[in-house]
Amino acid sequence: MFPDLATRVVPLDEIKARFEAANEAETFSWFVQNLEHIQERAGQHDNPVPEIHLATGPVRLEKLVPESPWILVVDGDLEVAGDIDLSTSPYDISLFVVFGEVRARNLRFSGSACCYVTKSVELTGGCFGDHGDESAELHTARLKARVVMLDGHTGVNATELDAVVFAGEGWGLPLHFTSKDVAAEFFVPEALDEDGYHEESVWELMASGKDPFLPGAWEKLRARHVEAEARLKPL
């Protein structure tokens, strides 16, 4: 399930103890609530409930692309040289928890990926969230990336956010690109479709190591002064 990652299957009581040790006892209820949804979903389709896998950090990987559904808890920092792709199949609710920091090139949380990182997510590339109406979410204290790109159904809860942001106006995030902008003035043709920029195409470009922006476009967006609500999280 997690190639190149040493994990062991643990009971819920041990995960509860890990939350308490990390001073995250109140957040354990979020974990349990999602676990109950996973169990309910598995029962509806007569599928086995995913086991809880625990990895002890610091963990270093080349990439992390689990096949859903999955429940992964990392007790310690997680460093990935390449990309973390937490995409799930439709309604395959999955849980990703890191008691520490996450560092990677790009991160995607999609479909039903419920993600919580206690300290920070630091990316040299982009953070992508899509199809959040199927439960996809990302919570962290600090998110730093070159780009945060969210579709209209997906938000981020981050106390501190350092990135150029593309997202729906309803999330209360500091938008560097708005409906008044023309995508073709900022993105390379491969990142566009008839409606403007295409999140999937931007992800594919950045995951392949290519820059989705025209020369100087990212710097122009980064220099914009934007306002945001006090709470950087979905309403």
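What follows is a chat about a predicted model.

Colleague: What kind of model is this?

Modeller: This is a predicted model.

Colleague: Let's start with the helices. At what angle do the axes of α1 and α2 cross?

Modeller: Helix α1 covers residues 12-21 and helix α2 covers residues 28-44; their axes cross at roughly 150° and come within 10 Å.

Colleague: What does that make α1 relative to α2, parallel or antiparallel?

Modeller: Roughly antiparallel, because angles over 145 degrees count as that.

Colleague: Is the crossing of α1 and α2 right-handed or left-handed?

Modeller: The crossing of α1 and α2 is right-handed.

Colleague: Which residues meet there, in α1 and in α2?

Modeller: From α1, Leu12, Ile15, Lys16 and Phe19 take part. On the α2 side they meet Phe28, Phe31 and Leu35. The residues of this contact divide into six nonpolar, one charged and no polar.

Colleague: Staying with α1, which residues are buried?

Modeller: Ile15, Arg18 and Phe19 are buried in α1. They cover an arc of only 100° around the axis, so they sit on the same side of α1.

Colleague: And which exposed residues does the face of α1 turned away from its buried side carry?

Modeller: That face carries Asp13 and Ala21, which are exposed.

Colleague: What covers the buried residues of α1?

Modeller: The cover includes helix α2 and the strands β1 (8-9), β2 (52-56), β4 (71-75) and β7 (94-98).

Colleague: What follows α1, and what is its phi?

Modeller: Asn23 follows α1, and the phi of Asn23 is positive, near 60°.

Colleague: Other helix now. Which residues are buried in α3?

Modeller: Helix α3 runs over residues 199-207, and Ser201, Val202, Trp203, Leu205 and Met206 are buried in it. What covers these buried residues includes β6, β9 (107-110), β11 and β12.

Colleague: What comes after α3?

Modeller: Gly209 follows α3, with a positive phi near 85°.

Colleague: New topic, prolines. Is the peptide bond from Gly57 to Pro58 cis or trans?

Modeller: The bond from Gly57 to Pro58 is cis, and its omega is near 5°. Pro58 is in the loop between β2 and β3 (59-61). Ser68 and Pro69 are also joined by a cis peptide bond, with omega about 0°. Pro69 is in the loop between β3 and β4.

Colleague: Where is Tyr91 found?

Modeller: Tyr91 is in the loop between β6 (84-87) and β7. Its relative accessible area is 41%, so Tyr91 counts as partly exposed.

Colleague: What about the phi of His131?

Modeller: His131 is not a glycine, yet its phi is positive, about 55°. His131 lies in the loop between β11 (126-130) and β12 (137-150).

Colleague: Where is the place of Glu134?

Modeller: Glu134 is in the loop between β11 and β12.

Colleague: Is Glu134 buried or exposed?

Modeller: Glu134 is buried, because its relative accessible area is 12% and buried means under 20%.

Colleague: Which residues is Glu134 in contact with?

Modeller: Leaving aside neighbours within four places in sequence, Glu134 is in contact with Ser89, Pro90, Tyr91, Gly111 and Ser112.

Colleague: How many residues apart are Glu134 and Thr154 in sequence, and what is the C-alpha to C-alpha distance?

Modeller: They are 20 residues apart in sequence and 9.2 Å apart in space, C-alpha to C-alpha.

Colleague: Where is Pro3 found?

Modeller: Pro3 is in the segment before β1. At 57% relative accessibility, Pro3 counts as exposed. Pro3 and Val65 are 62 residues apart in sequence, and their C-alpha atoms are 8.5 Å apart.

Colleague: Last one. Which strand does Glu101 lie in?

Modeller: Glu101 lies in strand β8, residues 101-104. Not counting residues up to four places away in sequence, Glu101 touches Asp77, Leu78, Lys119 and Ser120.

Colleague: How far apart are Glu101 and Lys119?

Modeller: Glu101 and Lys119 are 18 residues apart in sequence and 5.2 Å apart in space, C-alpha to C-alpha.

Terms used. Residues numbered from 1 in each chain as written. Predicted model: local features only at pLDDT ≥ 70, side-chain atom pairs only at ≥ 80, totals over all residues. Heavy atoms only, no water. Axes fitted to C-alpha atoms, helices over the stretch in contact; angles between N-to-C directions. Helix = DSSP H or I, 4+ residues; strand = E, 2+ residues; numbered from the N terminus. Parallel < 35°, antiparallel > 145°, perpendicular 65-115°, else oblique. Left-handed = near helix turned anticlockwise from the far one by under 90°. Contact = heavy atoms within 4.5 Å. Nonpolar A, V, L, I, M, F, W, Y, C, P; charged D, E, K, R; others polar. Buried < 20%, exposed > 50% of the residue type's maximum accessible area, 1.4 Å probe, protein only. Arc of directions from axis to C-beta.
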